[in-house]
Amino acid sequence: MSDNAVEPRAVYLTRTIVGLLQGLALYLLYVAYDDRSWPATNGYVFAPILLTWSFAPVLALQGLSNLRTRTLLFWIAAAILVVVSLGFYDIWHAWPVETSPNVSAAARPTVLPSFQLAIVLILGFAIAHVLVSAADADRAFVAAYPTYFDVASKLAVQLALAVAFAGVFWGLLWLGAGLFELIKIRFVTDLIEHRWFAIPASTLAVAVAIHITDVQVELVRGLRTLGLTLLSWLLPLMTLIVAGFLVTLIFTGLQPLWDTRFATTLLLLACTALIVLINATYREGDAERAPSMMLRQPGRLAALMLLPLV
């Protein structure tokens, strides 16, 4: 049997094991938090462990077969160091007790990482994983731009498909449970409502989805091309909206922005939308795949408008 035939199965088995281990670890952490037992009694221990098992396995799932073994091990070790440090700091500067209305202030100290930290880690690791993967692919500290684009767009499609797969997976389980309930059998409903089943099943579904999308390269590439093409034709619309906003701002002044107290969020979201649409339009930047004039002109204007928005 050839190595090419064995390797995909070995990678699939490894991803399955990682997905199950992640689900088991998250379930045990859930039980500890629910029972208020160790390590959920100490936020300095619980938060770093929770963050580690939430992020490190996902990075490992995507890195398998995409990164060299040495690079993957160094990257996972660095990621664990980051989440442990930030998790410890997040608890250190948090309120001494949880502020949830369902939790007595005297009953539980803060042990969960903040929502803000979770969002920052998701975005930060998405960016960092692209940088590491592209550099490893090009065998260079700074990869070529086409490599960055290829890795980033592939990762975005993979994550979207993994989330969609997990959603459909649970939709089918609840559909099956509903069918059995029609004949007065609640076994399936009771099963999927148990956390010991639900959490590992969810992580396993994500692991399987990542493997399938990693193996089906042409499928991912086709979906990526379709998605980028659709997004690129939204660039003229977004450019027109932002241009109209900036021109109007000349007459209204900046005071209305300050009065809202949340203008920064919307402005940065507009910048993000423009950056995504510009990248979807120009893609790798190949001369052979240059966008049409209808898209090039809005793209140039959008790039210039980023400065006043920021």
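Predicted model: local features only at pLDDT ≥ 70, side-chain atom pairs only at ≥ 80, totals over all residues.
Q: How many aromatic pairs does the structure hold?
A: There are eight of them. To count as a pair, two rings of Phe, Tyr or Trp (for Trp, the six-membered ring) need centres within 6.5 Å; planes under 30 degrees apart are called stacked, over 60 edge-to-face, and the rest tilted. Residues are numbered from 1 along each chain as its sequence is written, and side-chain values use heavy atoms, leaving out hydrogens and water.

Q: What makes the pair of Phe169 and Trp170 edge-to-face?
A: The centres are 5.9 Å apart and the planes meet at 80°, which is over 60 degrees, so edge-to-face it is.

Q: How do you know whether Trp92 counts as buried or exposed?
A: You look at relative accessible area: under 20% is buried, over 50% is exposed, and in between is partly exposed (1.4 Å probe, protein chains only). Trp92 has 55%, so it counts as exposed. Tyr89, at 47%, falls in between and is therefore partly exposed. Phe169 is partly exposed too, at 26%, whereas Trp170 has 16% and is buried because that is under the limit.

Q: Why does Thr189 count as buried?
A: Its relative accessibility is 2%, so it is under the 20% limit. Thr189 sits in helix 6 (residues 187–193); a helix here is a DSSP run of H or I with at least four residues, numbered from the N terminus. Leaving aside residues up to four places away in sequence, Thr189 touches Trp174, Ala177 and Glu181, where contact means heavy atoms within 4.5 Å.

Q: What makes the link between the side chains of Thr189 and Glu181 a polar contact?
A: The distance is 2.7 Å. A polar contact is a pair of N or O atoms within 3.5 Å, one able to donate a hydrogen and the other to accept it (neighbours in sequence count only if both atoms are side-chain atoms), so this pair qualifies.

Q: How do you know that the span of helix 3 is close to the expected one?
A: The expected span is 1.5 Å times one less than the number of residues. Helix 3 (residues 69–92) has 24 residues; its first and last C-alpha are 35 Å apart, close to the expected 34 Å. Its buried residues include Trp75, Ala79 and Val83, and among the elements covering such residues are helix 2 (43–63) and helix 4 (115–138).

Q: What is the largest nonpolar core, and which residues have the most contacts inside it?
A: A nonpolar core is a set of buried Ala, Val, Leu, Ile, Met, Phe, Trp, Tyr and Cys residues joined through side-chain atoms within 4.5 Å. The largest has 17 residues, with Met238, Val242, Leu274 and Leu309 making the most contacts inside it. Helix 9 (235–252), helix 11 (263–282) and helix 12 (293–309) each supply at least two of its residues, and helix 11 gives the most, with seven.
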